[in-house]
Amino acid sequence: MHSAFFVCRSISSERRELLLWIMAFAGAAVALGGAISRDYYPQGHTLWWLLPTNGTSLPGPLGGFINPNHFAGYVALVTPCAMALAIGAFARRNWFRGLIAIALVFLLALGIMASHSRGGLLAYVCGIGTVGLVCMLRGRILAVLLVAAVLVGLAFWTPVIISDAYRSRLGDLLSLEDDDSYRTRMQAWSDSTQLVARYPLLGAGANGYRMVFPQSRTASTHARMTHAENEYVQLLVDFGLIGAILFFAILSCIVYRVAGALFRTDRGLQAVPIAAAGALSVVAVHSLVDFALHIPVYAMTATVLIG
């Protein structure tokens, strides 16, 4: 990932935009494949209908991901790429490319619907919303109107493609106290506070959560907790306060660099920094309810986008 970060920093802006197109098309292909496997051609306990899994994951693999939540996280992560490309294309009056990018945004939404992931849906919307916010801060009214039009279109389209099962899962958010996923996460986070107090400075070590969590576990709401289902909680448990301070110091430098690229007065709206800002918001939001940064393809994609 370090190599990917520095390689992406060294390539030209034209090739970076080409890289955004590759990632947007790859994400749309993954989303379409997941939708097909969910509704038309079930893949069972395999990845892409070819590679068998151990069959223990719930509710089962989706596309090339063991966990549908990670599938949704990846789809949400590449969505700002397509949205930023659409804005850049329309700004240059390249209507054909702009329409293709908008079509990719809607294909990516199809993948979110197929995943049944609520955290993925939230991250997807936040990614598009961040792109719109950046355009508004830059005073680009037409770009803001484009983002608003896409969100309105998604609001009308998603009720058509959403399944009854996913609609039911979203309805469970109205009564969180009865939701098993919510209770499991809240209990795990509460128990994890004891681990932070037990290993305050340096933490329990990288990926140590799965080993030390039984020390503070107070309920058997999950067969085995290998991750905290929250990257911020896991960061504190694994690396302690010192590790968390170092992490957020590095993150602050990244945010400063992306903001600097966004608000340079000598440049127009460029797709690459807009996509990076949207990706950062997706990662920040999705990390609240999942451990997607521990998934190699997700972490690599995020690294490339902010590189």
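Here is a walk through this structure, from the whole chain down to a few single residues.

Keep in mind that this is a predicted model, where local features need pLDDT of at least 70, side-chain atom pairs count only at pLDDT 80 or more, and totals for chains, interfaces and linings use all residues. Residues are numbered from 1 along each chain as its sequence is written, and side-chain values use heavy atoms, with hydrogens and water left out.

Let's start with the big picture. The protein has twelve helices and two strands; here helices (H or I, at least four residues) and strands (E, at least two) are DSSP runs, numbered from the N terminus. Along its principal axes, the C-alpha trace spans about 60 × 45 × 40 Å.

What about inside and outside? Of the 307 residues, 47% count as buried; buried means under 20% relative accessible area, exposed over 50%, and partly exposed in between (1.4 Å probe, protein chains only). The accessible surface comes to about 15,400 Å², and 67% of it belongs to carbon and sulfur atoms. Such areas come from the Shrake-Rupley method with a 1.4 Å probe, and for residues only the protein chains shown count as cover. As for contacts (heavy atoms within 4.5 Å), take those between residues at least 6 apart in sequence: 69% of them join residues at least 24 apart.

Now zoom in on Ser192, which you'll find in helix α8. Is Ser192 buried or exposed? Ser192 counts as buried because its relative accessibility is 1%. Its side chain makes a polar contact with the side chain of Tyr209 at 2.8 Å, and a polar atom of that Ser192 side chain also lies 2.7 Å from the backbone oxygen of Ala188. A polar contact is a pair of N or O atoms within 3.5 Å; within protein, one must be able to donate a hydrogen and the other to accept it, and residues adjacent in sequence count only if both atoms are side-chain atoms. Leaving aside neighbours within four places in sequence, the residues that Ser192 touches include Phe213 and Val237.

Another serine to look at is Ser287, in the loop between α11 and α12 (296-306). With 5% relative accessibility, Ser287 counts as buried. Its side chain reaches the backbone oxygen of Val283 at 2.6 Å. Beyond its neighbours within four places in sequence, Ser287 is in contact with Asn230, Glu231, Tyr232 and Leu293.

Next comes Val272, which sits in helix α11 (residues 271-286). Val272 counts as buried, at 18% relative accessibility. Not counting residues up to four places away in sequence, Val272 touches Arg16, Glu17 and Leu20.

Finally, have a look at two backbone angles. Trp49, in the loop between β1 (46-47) and β2 (51-52), has a phi near 65 degrees, a positive value in a residue other than glycine. Trp49 is partly exposed, with a relative accessible area of 30%. Glu229 isn't a glycine either, yet its phi is positive, at about 60 degrees. Glu229 lies in the loop between α9 and α10 (231-262), and at 16% relative accessibility Glu229 counts as buried.
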